[in-house]
Amino acid sequence: MLRQVSYAVLVGLVGAGIVHIVILLRLPAFSERDAWSNLAARAPLYQVARISDRPGAPALLQSPDPFVDAVACRFDLTEGIAHLSGPGGVPFWSASVYDRNGQNIYSFTDRTATSGALDFVVATPVQMTEVRKALPQEFRASVFVEAPLEEGIVVIRSLVPDESYRPEVAAFLDGIACRSVLPEPAGLD
């Protein structure tokens with residue numbers, strides 16, 4: 001009896017060891033499939049990429065909601081402030097800022113923006129201080145997002161209430177600009 005129990009324990013330990021080794025060997029493949037890596041394979045920094053299903057194109061992420069279309073843009077605040085802008089005119093849009101690990105830092109909707117137009121700036125606390133010292137004219141109507149991070153992703157989603165809205169929403173998402181802006185240092189007089 002003791003021999004059978006010992007054999008069962010030994011087989012269990014060997015099996016658990018094999019499972020652990022397989023998991024450790026597969027871990028790099030799983031860690032390379034995060035949102036940042038998937039988006040980096042599709043588009044460079046500051047380039048807007050479609051992340052939801054589009055006829056004839058592979059989706060970056062599978063959208064759980066067929067009434068939402070989305071784009072994303074990766075940014076690096078060490079290169080400057082991230083400025084996203086686009087035309088308004090869709091039934092509803094929302095924007096979310098995520099850190100590189102996918103943690104949501106900030107979210108807002110078209111109800112927050114001036115006249116429903118997409119126009120916002122993502123900056124570090126230090127960059128935000130510099131921008132507020134001498135606010136550029138182009139940022140007068142912008143929503144400001146202060147984010148304590150270096151790299152991140154902005155995801156912009158738009159509601160598609162029915163198929164008749166799809167061209168309008170596609171034009172809105174295709175018209176979004178994502179760029180890096182170097183803050184002007186406050187002048188010393």
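The paragraphs below lead through a predicted model of one protein chain, from its overall make-up to single contacts.

Residues are numbered from 1 along each chain as its sequence is written, and side-chain values use heavy atoms, with hydrogens and water left out. Since the model is predicted, local features need pLDDT of at least 70 and side-chain atom pairs count only at pLDDT 80 or more, whereas totals for chains, interfaces and linings use all residues.

The chain contains four helices and nine strands, where helices (H or I, at least four residues) and strands (E, at least two) are DSSP runs numbered from the N terminus. Along the sequence these elements follow the pattern α-α-β-β-β-β-β-β-α-β-β-α-β. Of the 189 residues in the chain, 35% are buried; here buried means under 20% relative accessible area, exposed means over 50%, and partly exposed lies in between, with a 1.4 Å probe and protein chains only. The chain exposes about 11,100 Å², and carbon and sulfur atoms supply 60% of that area, the accessible areas coming from the Shrake-Rupley method with a 1.4 Å probe and, for residues, with only the protein chains shown counting as cover. Among contacts between residues at least 6 apart in sequence, 67% join residues at least 24 apart, a contact meaning heavy atoms within 4.5 Å.

Five strands form an open sheet in the order β1-β2-β8-β4-β5, with antiparallel pairing, and two strands are said to pair if DSSP finds at least two bridges between them. The edge strands are β1 and β5 (104-109), each of which pairs on one side only. Within this sheet, β4 and β8 pair in the antiparallel sense over seven bridges, and Y98 has I153 in β8 as its bridge partner. Another pairing runs in the parallel sense, joining β6 and β7 over four bridges, and there the bridge partner of V121 is F144 in β7. Strand β7 (residues 143-146) has two faces, one covered, with V143 and V145, and one uncovered, with F144 and E146.

Strand β2 also holds A72, which counts as buried because its relative accessible area is 3%. Apart from neighbours within four places in sequence, A72 is in contact with several residues, including L39, Q47, V48 and I153. I51 is also among its contacts, and although A72 and I51 are 21 residues apart along the chain, their C-alpha atoms are separated by 6.4 Å.

Next comes helix α4 (residues 166-174), in which V169, A170, F172 and L173 are buried. These residues lie on the same side of α4 because they cover an arc of only 160 degrees around the axis, the arc being that of the directions from the helix axis to the C-beta atoms. An α-helix has 3.6 residues a turn, so residues three or four places apart point the same way. What covers the buried residues of α4 includes β1 (49-50), β2 (68-76), β4 (93-99), β6 (118-123) and β8 (151-159).

R50 counts as buried because its relative accessibility is 11%, and D69 counts as buried because its value is 4%. R100 and E151 meet in another salt bridge, at 2.7 Å from N to O, and because R100 lies in the loop between β4 and β5 while E151 lies in strand β8, the pair ties together parts that are 51 residues apart in sequence. Both count as partly exposed, R100 at 38% relative accessibility and E151 at 25%. In a further pair, R111 forms a salt bridge with D110, the closest N and O atoms being 2.4 Å apart, and here R111 is exposed at 60%, whereas D110 is buried at 6%. Salt bridges that share partners also join R50, D69 and D174 into one network.

The last stop is on the surface, where M1, V5, V9 and L13 form a nonpolar patch with about 440 Å² of accessible area together. Patches are made of residues with over 30% relative accessible area and no salt bridge, like charges being joined within 9 Å and nonpolar side chains (Val, Leu, Ile, Met, Phe, Trp, Tyr) within 5 Å. V9 lies in helix α1 (residues 2-31) and counts as partly exposed because its relative accessibility is 47%.

Notes
Salt bridge = Lys/Arg side-chain N within 4 Å of Asp/Glu carboxyl O.
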